[in-house]
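Work through these exercises with the model open. Try each task before reading its solution.

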Amino acid sequence: LLKNYPAFKAFTHMLSFDRALLNQANESYFRKKRVVPLRLDKEKRILMVVMEDPTDSETIGDLQKMFNAAIEPAICPSGEIELLLKEIFDVWFDSR
């Protein structure tokens with residue numbers, strides 16, 4: 001299970017996914033850009049995301065426009081972001 005991977009353990013405190021946010025997610029975009037939206041602070045308009053490359057200014061700009069929010073990125077290693085994407089979109093979305 002995903003909980004056995006270091007990045008998952010590192011982000012446990014912030015991996016309380018906003019299910020409403022995930023329901024609005026464009027799965028193909030997030031898989032292509034290797035980014036996962038975690039939660040949106042609606043008052044401060046800050047979207048927390050984990051991504052393979054938190055210096056990717058193009059993706060951060062896209063997310064800012066998509067969610068009308070500032071982006072707070074956190075790094076997630078390549079193999080682990082893939083597992084996280086799989087857990088969210090293949091397991092969680094398929095099981096609801």
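**Exercise 1. Classify Glu82 by its relative accessibility, then trace the salt bridges that involve Glu82 and its partner.**

Step 1. Glu82 has 35% relative accessibility, so Glu82 counts as partly exposed. The classes are buried (under 20% relative accessible area), exposed (over 50%) and partly exposed (in between), with a 1.4 Å probe and protein chains only.

Step 2. The partner of Glu82 is Arg34, with the closest N and O atoms 2.6 Å apart. A salt bridge here is a side-chain nitrogen of Lys or Arg within 4 Å of a carboxyl oxygen of Asp or Glu. Glu82 sits in helix α5 and Arg34 in the loop between α3 and β1, 48 residues apart.

Step 3. Arg34 also forms a salt bridge with Glu52, at 2.7 Å from N to O. Glu52 lies in the loop between β2 (46-51) and α4, and is 18 residues from Arg34.

Step 4. Check burial. Arg34 is at 18%, so it counts as buried. Glu52 is at 29%, so it counts as partly exposed.

Step 5. Arg34, Glu52 and Glu82 form one network through shared partners.

The model is predicted: local features need pLDDT of at least 70, side-chain atom pairs count only at pLDDT 80 or more, and totals for chains, interfaces and linings use all residues. Residues are numbered from 1 along each chain as its sequence is written, and side-chain values use heavy atoms, leaving out hydrogens and water.

**Exercise 2. Find the salt bridge between Glu58 and Lys33 and say which helices it ties together.**

Step 1. The whole structure holds four salt bridges. One of them joins Glu58 and Lys33, with the closest N and O atoms 3.5 Å apart.

Step 2. Glu58 is in helix α4 and Lys33 in helix α3 (residues 27-33), so the pair ties together parts 25 residues apart in sequence. Helices (H or I, at least four residues) and strands (E, at least two) are DSSP runs, numbered from the N terminus.

Step 3. Compare the exposure classes. Glu58 is exposed at 53%. Lys33 is partly exposed at 21%.

**Exercise 3. Describe both ends of helix α4 and its buried residues.**

Step 1. Start at the N-terminal end. Asp56 caps it, with a side-chain oxygen 3.2 Å from the backbone nitrogen of Glu58.

Step 2. List the buried residues of α4 (residues 57-67): Thr59, Ile60, Gly61, Leu63 and Phe67. An α-helix has 3.6 residues a turn, so residues three or four places apart point the same way.

Step 3. Focus on Thr59. Its relative accessibility is 0%, so Thr59 counts as buried. Its side chain makes a 2.6 Å polar contact with that of Asp56. Such a contact is a pair of N or O atoms within 3.5 Å; within protein, one must be able to donate a hydrogen and the other to accept it, and residues adjacent in sequence count only if both atoms are side-chain atoms. Leaving out residues up to four places away in sequence, Thr59 touches Tyr29, Lys33, Val35 and Met51. Contact means heavy atoms within 4.5 Å.

Step 4. Finish just after α4. Asn68 takes a positive phi of about 50° there.

**Exercise 4. Where is Cys76, and how far is it from Val50?**

Step 1. Cys76 is in the loop between β3 (70-75) and α5 (78-95). It is buried, at 2% relative accessibility.

Step 2. The C-alpha atoms of Cys76 and Val50 are 5.9 Å apart, across 26 residues of sequence.
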